[in-house]
Amino acid sequence: MAFEGLSDKLGKVFSKLKNHGKLNEKDVKEAMREVKMALLEADVSFPVVKDFVAKVSERAVGSEVMNSLTPAQQVIDIVHDELIQLMGTDTARIDFPSKPPCVIMMCGLQGAGKTTHTAKLAKYLKKQNRRPLLVACDIYRPAAIDQLKVVGASVDAHVFEMGQTNPVKIAKESIKYAKDNGFDVVILDTAGRLHIDEDLMKELKDIKAEVQPNEILLVVDSMTGQDAVNVAKSFNDMLDITGVILTKLDGDTRGGAALSVLSVTGKPIKFAGVGEKTDDLEQFHPNRMADRILGMGDVLSLIEKAKINVDEKEQEKLAKRLQENKFDMNDLYAQFEQIEKMGSISSLIKMIPGVAGKVKEEDIDERRMYRTKAIISSMTKKEREKPSIIDAKRKRRIAAGSGTKVEDVNQLLKQFDGMQKMMKQMGLKGGKKRKFPKFP
Ligand code: GDP
């Protein structure tokens, strides 16, 4: 996950500062030198780092901080504040025109995640009750049209295509089609290249001139670090983009691009891609990102994720089954599915304040949940409803079916039994507080 190294290093700098009690100018200078190193190692571009550190230093050596009772905390607050400024004070949103359709032109280099994010964006907008139309403007790779059709179908969005005709014409026709058929957002999936070249830019400029999009969103791959920022600068110089979608922030990235894009291009990051699934798109909130970088967690995004992805009806059904002591392994399995929809456990854990920065990736055993799911999958419906019927023979079959050992099946059954007993007690004793067993 992005920012891990940076969070770690900044955490260390600040805990050192906290140990100082009162601060003098030398302490702050030393801390700022370390902040500078940490940012450079996170691949933040050099001029941005220089400027950032200068701003923080200027504010931090002021008498207000030096004389305060909690100088280290004040320095952290200043860093937090400047990080937000670096990424943009406000959350940048899509600019919807008063008269639909809103035309969004997606552009970027090949492999950055353009097609994937066209679909993610469609899904995101559908949740806001919009009707997006996806448009296949990448006519050079025959597979590109098919890819868009596949991802479009996966998010249940209509795809407009005209085969390998002139992309400017396709874009123009798609808008007419959208107006005639009641689509209020048109997302153009344009062609990418491995490198920026003149033909590509000319084509994009021609499309822009023809359809005058409301948004030109540049899709850049955060894994490419400073290159991502250079690409953003070139595209912006030529196309005057309106915002950036920074993809693959879930990968092993140092996060530098997120901190440099706005300073270098003057254009905000509007969305972040945080995984391969169509749900893995987040609106980019500079303040929440700063919280995450400083290990303060991001409860708001966690709540939003839960709201969007957890099926309320399912939860109501579950609550009823819990009250009636009917919770079985089918319900447990359904719970795992809901958790999975919210993203990887490690990404969720990082959003919890106090936990971010303290839990290491290697400490989270994501496989355990998958193993438990595999075991439950190998049970028959009857076995899930009434685990007590699972005898030695059935255990062997379940273990073989799930690629686990009989001990694993035993452990799950034991934990589930404990859980059921505890739920019964809670039901009988009117919700008396009891410690929940560790599960799965
Ligand atoms: P395009 O050539 O720009 O259209 O790129 P694609 O949409 O085909 O994406 C290229 C690859 O990156 C695919 O394998 C995607 O699954 C993957 N990808 C896209 N976005 C993300 C993301 O946010 N996180 C991760 N982990 N992978 C992504």
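**The sheet and its surroundings**

Mentor: Strands E2 and E3 run parallel, joined by three bridges. In that pairing, Val 135 has Phe 160 in E3 as its bridge partner. Strands count as paired if DSSP finds at least two bridges between them.

Trainee: What should I know about the model before going on?
Mentor: This is a predicted model, where local features need pLDDT of at least 70, side-chain atom pairs count only at pLDDT 80 or more, and totals for chains, interfaces and linings use all residues. Residues are numbered from 1 along each chain as its sequence is written.

Trainee: How many helices and strands does the protein have?
Mentor: It has 20 helices and eight strands. Both are DSSP runs, numbered from the N terminus: helices are H or I with at least four residues, strands are E with at least two.

Trainee: In what order do the strands sit in the sheet?
Mentor: The order is E3-E2-E4-E1-E5-E6-E7-E8. The sheet is open, and its pairing is mixed.

Trainee: Which strands stand at the edges?
Mentor: Strand E3 (158–160) and strand E8 (281–283). Each has a single partner strand, so one side of each is left without a neighbour in the sheet. From one strand to the next, the twist averages 25°.

Trainee: Back to E2. How many of its residues are buried?
Mentor: Five of the five residues of strand E2 (residues 132–136) are buried, so E2 is largely enclosed by the rest of the structure. Buried means 20 or more other C-beta atoms within 10 Å of the residue's own; exposed means 12 or fewer, partly exposed is in between, and C-beta atoms are placed from the backbone.

Trainee: Which residues of E2 are on each side?
Mentor: Pro 132, Leu 134 and Ala 136 are on one side, and Leu 133 and Val 135 are on the other. In a regular strand, side chains alternate between the two faces of the sheet.

Trainee: And how does E2 pair with E4?
Mentor: E2 and strand E4 (residues 185–189) pair in the parallel sense, over five bridges. Leu 134 has Ile 187 in E4 as its bridge partner.

Trainee: What about E1 and E5?
Mentor: Strand E1 (residues 102–107) and strand E5 (residues 215–221) are also parallel, with four bridges. There, Met 105 is partnered by Ile 216 of E5.

Trainee: Switching topic. Which residues come nearest the ligand?
Mentor: Gly 113, Lys 114, Thr 115, Thr 116 and Gly 273, out of 19 residues around the ligand. A residue is near if its C-beta atom, placed from the backbone, lies within 6 Å. Helix H6 (residues 114–127) gives the largest share of the shell, three residues.

Trainee: What does UniProt place at residues 268–281?
Mentor: The unreviewed UniProt entry puts "domain: SRP54-type proteins GTP-binding" there. Positions follow the numbering used here, feature names are shortened, and annotations may be inferred rather than shown by experiment. That stretch is 0% helix and 43% strand. Its end C-alpha atoms are 16 Å apart.

Trainee: Last one. Where does Val 13 lie?
Mentor: In helix H1 (residues 4–20). Val 13 is buried, with 21 other C-beta atoms within 10 Å.

Trainee: Which residues is Val 13 in contact with?
Mentor: Ala 31, Glu 34, Val 35 and Ala 38, leaving aside neighbours within four places in sequence. Contact means that the C-beta atoms, placed from the backbone, lie within 7 Å. The C-alpha atoms of Val 13 and Ala 31 are separated by 6.1 Å, though these residues are 18 apart along the chain.

Notes:
Axes fitted to C-alpha atoms, helices over the stretch in contact; angles between N-to-C directions. Contact = placed C-beta atoms within 7 Å.
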